[in-house]
Amino acid sequence: MRITILTLTFALPGCRSLKEKRQRMGGLHERLGRNPAIAVCESGDHERHDASEWTFVVVGHTSRAVASLCSEIEEKCLQTVDGRVMEATRERL
């Protein structure tokens with residue numbers, strides 16, 4: 001079993017409230033957390049309006065499968081989140 005921890009840090013320019021932040025990040029947990037190979041949570045910047053940090057724990061039988069899922073997560077975030085990915089880190093366990 002292969003495990004990778006993917007952490008994405010988002011900048012949300014112009015975001016003025018936690019409610020707006022939830023709307024802009026909307027559904028990220030629901031869309032990506034449905035896959036049994038992915039666990040997802042908002043891991044940082046909880047009280048900031050203009051930033052958000054999310055962590056994904058990705059598991060798979062091969063390194064290639066895990067890397068593919070991580071790339072898929074990054075791509076979906078780029079397409080669906082109304083903000084910019086400022087940092088993406090991967091930690092293999």
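## Starting from Phe10

Phe10 lies in strand S1; strands here are DSSP runs of E with at least two residues, helices are runs of H or I with at least four, and both are numbered from the N terminus. This is a predicted model, where local features need pLDDT of at least 70, side-chain atom pairs count only at pLDDT 80 or more, and totals for chains, interfaces and linings use all residues. Residues are numbered from 1 along each chain as its sequence is written, and side-chain values use heavy atoms, with hydrogens and water left out.

Is Phe10 buried or exposed? Its relative accessibility is 1%, so Phe10 counts as buried (buried is under 20% relative accessible area, exposed is over 50%, partly exposed is in between, with a 1.4 Å probe and protein chains only). Phe10 touches residues including Met25, Trp54, Cys77 and Val81, leaving aside those up to four places away in sequence; a contact means heavy atoms within 4.5 Å. Phe10 and Val85 sit 75 residues apart in sequence, yet their C-alpha atoms are 4.5 Å apart in space.

## The sheet around S1

Four strands make an open sheet, ordered S2-S3-S1-S4, with antiparallel pairing; to count as paired, two strands need at least two DSSP bridges between them. S2 and S4 (84–92) are the edge strands, each pairing on one side only. From one strand to the next, the twist averages 20°.

S1 and S3 pair over 10 bridges, in the antiparallel sense. In S3, Ser52 is the bridge partner of Phe10, and Val59 stands opposite Ile3. On the S4 side, eight bridges join S4 to S1, and Thr7 stands opposite Thr89. Seven of the 10 residues of S1 are buried, so S1 is largely enclosed by the rest of the structure.

## The nonpolar core

What does the largest nonpolar core look like in numbers? It has 20 residues, and those with the most contacts inside it are Phe10, Leu28, Phe56, Ile73 and Cys77. A core here is a set of buried Ala, Val, Leu, Ile, Met, Phe, Trp, Tyr and Cys residues joined through side-chain atoms within 4.5 Å. Elements giving two or more residues to this core are S1 (2–11), H2 (28–33), S2 (38–44), S3 (51–60) and H3 (63–80). H3 supplies the largest share, five residues.

Phe56 touches, among others, Leu6, Leu28, Ile73 and Cys77, again not counting residues up to four places away in sequence.

Terms used:
Axes fitted to C-alpha atoms, helices over the stretch in contact; angles between N-to-C directions.
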